[in-house]
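User: I'd like to learn how to read a few features of a protein model. Could you walk me through them?

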Amino acid sequence: MFTIAVAASEAADDAGGRIGTWTRPLVMNMSEKNLIKALLSEYDKKSRPVIDDDPADGGTPKIDRPKEKGKNAPTIPIQQVTVEFGLRLVQILDLDEMEQVLTTSMIVLYEWTDYHLRWDPKNESGIEVLHIPTKDIWLPDIALYNYADERLEERREVAAKVHSNGTVEWHPMAIYKSACEIRIEYFPFDVQTCDLKFGPWTYDGWRVNITYYHRTMKSAFDLDEMIPSPEWKILNYSAVYNSVVYPCCPEPFVDITFRIYMKRSTLFYSFILILPCFLLSSLTLVLFWLPPETPAKMVLGMNIFVAFFLLMLLLEKQTPAASDSFPRIGQYYCLNMGIITLSTFLCVIIVNFHFRGDNRQEVPFWLKKVIIIPN
């Protein structure tokens, strides 16, 4: 009986410890949780985060929007949300010449002011920053215009950092696939220029404006965390702010076009395209040193022709078929193939003359008309 009583007492102590452990969250500080609930209780993520207070009193900045086109058109005030936008390039993953698609890994930099997510830290236990899931708040619909991807979403889901003054910072990672026109005239010593055009998809420039991200200081890209690409080297980069007014509407539509200038690394292609071409060109010169009556001259010429044709097949796999230009190295291949074809054709004629010349046959009639000039 004593043993049973001791075991029951230990079980009760263990149960009491577990109960004590589970009751700890009831006494912990719930200020952050209550603050998030209070901010999101009346929040509507489908509407722009603007308020009608005077800008001098902390309200949303207003601009005068003309109702229609014209210098003297009447205007009405409208609240404008300004989104700072930038890109932090992580790596150039691929440039598909056949599909003309550039694949890049980016950290996208957003910052804007949400006037519905502001609070006084003094009244909220000194809390100055909150991390809120983006599915619960308004997000600017900034999209890549030259989109070339079958995926529906290219960004990774991450939380937004919200400050007490309403400033929202959102830095999701994304893999973008953008259309890029490929110029292959100087392949493999080519320099490609690819654009990434970002802008609000549904809002005009009066309601949602886009500007450069302030920490990039208008340098377009932040390359501090970039991983070097084994195939491409970035020569330069830029960003251009555009505002376009279409004939249908008075509203401007804004975007920022990021441009990357890339140079291809030629070491790999030098071994598979340039060096074999140089060696085969040397054999083409040797072809003319062989005696004209040697049949091996024709065999060597045909082998060189086939080798250049294989190089053409390798080049064809690296260049788009729908391109408006042809690589100059491919033109050099075709020139060598034409010279070898002409040399082999003349070699056949010379060999034919050499072996039939001892038969002392009469000169053909057509040859007399072409070569022998009558008196």
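This is a predicted model: local features need pLDDT of at least 70, side-chain atom pairs count only at pLDDT 80 or more; totals for chains, interfaces and linings use all residues.

User: Is Ser125 buried or exposed?

Analyst: Residues are numbered from 1 along each chain as its sequence is written, and side-chain values use heavy atoms, with hydrogens and water left out. Buried means under 20% relative accessible area, exposed over 50%, and partly exposed in between (1.4 Å probe, protein chains only). Ser125 has a relative accessible area of 55%, so Ser125 is exposed.

User: What is the phi of Ser125?

Analyst: Most residues other than glycine have a negative phi, and most peptide bonds are trans. Ser125 has a positive phi of about 60°, and Ser125 is found in the loop between S4 and strand S5 (129-132). Strands here are DSSP runs of E with at least two residues, and helices are runs of H or I with at least four, both numbered from the N terminus. Gln100 also has a positive phi, near 55°; Gln100 lies in the loop between S3 and strand S4 (101-113).

User: Which residues does a cis peptide bond join?

Analyst: Phe187 and Pro188, with omega about 5°. Pro188 is found in the loop between S9 and S10.

User: Which cysteines form a disulfide?

Analyst: A disulfide is a pair of cysteine sulfur atoms within 2.5 Å. Here Cys180 and Cys194 form one, with their sulfur atoms 1.9 Å apart. Cys180 lies in the loop between strand S9 (173-179) and strand S10 (191-200) and Cys194 in strand S10, so the pair ties together parts that are 14 residues apart in sequence. The link is left-handed, with -75° about the S-S bond, and both Cys180 and Cys194 are buried.

User: How many residues does the largest nonpolar core have?

Analyst: In soluble globular proteins, nonpolar side chains tend to be buried together. A nonpolar core is a set of buried Ala, Val, Leu, Ile, Met, Phe, Trp, Tyr and Cys residues joined through side-chain atoms within 4.5 Å. The largest one here has 62 residues, and those with the most contacts inside it include Phe85, Leu196 and Tyr333. Strand S3 (residues 81-96) gives the largest share of this core, seven residues. At least three residues come from each of domain 1 (32-39 + 58-65 + 76-264) and domain 2 (268-371), with bounds from an automatic or database domain assignment.
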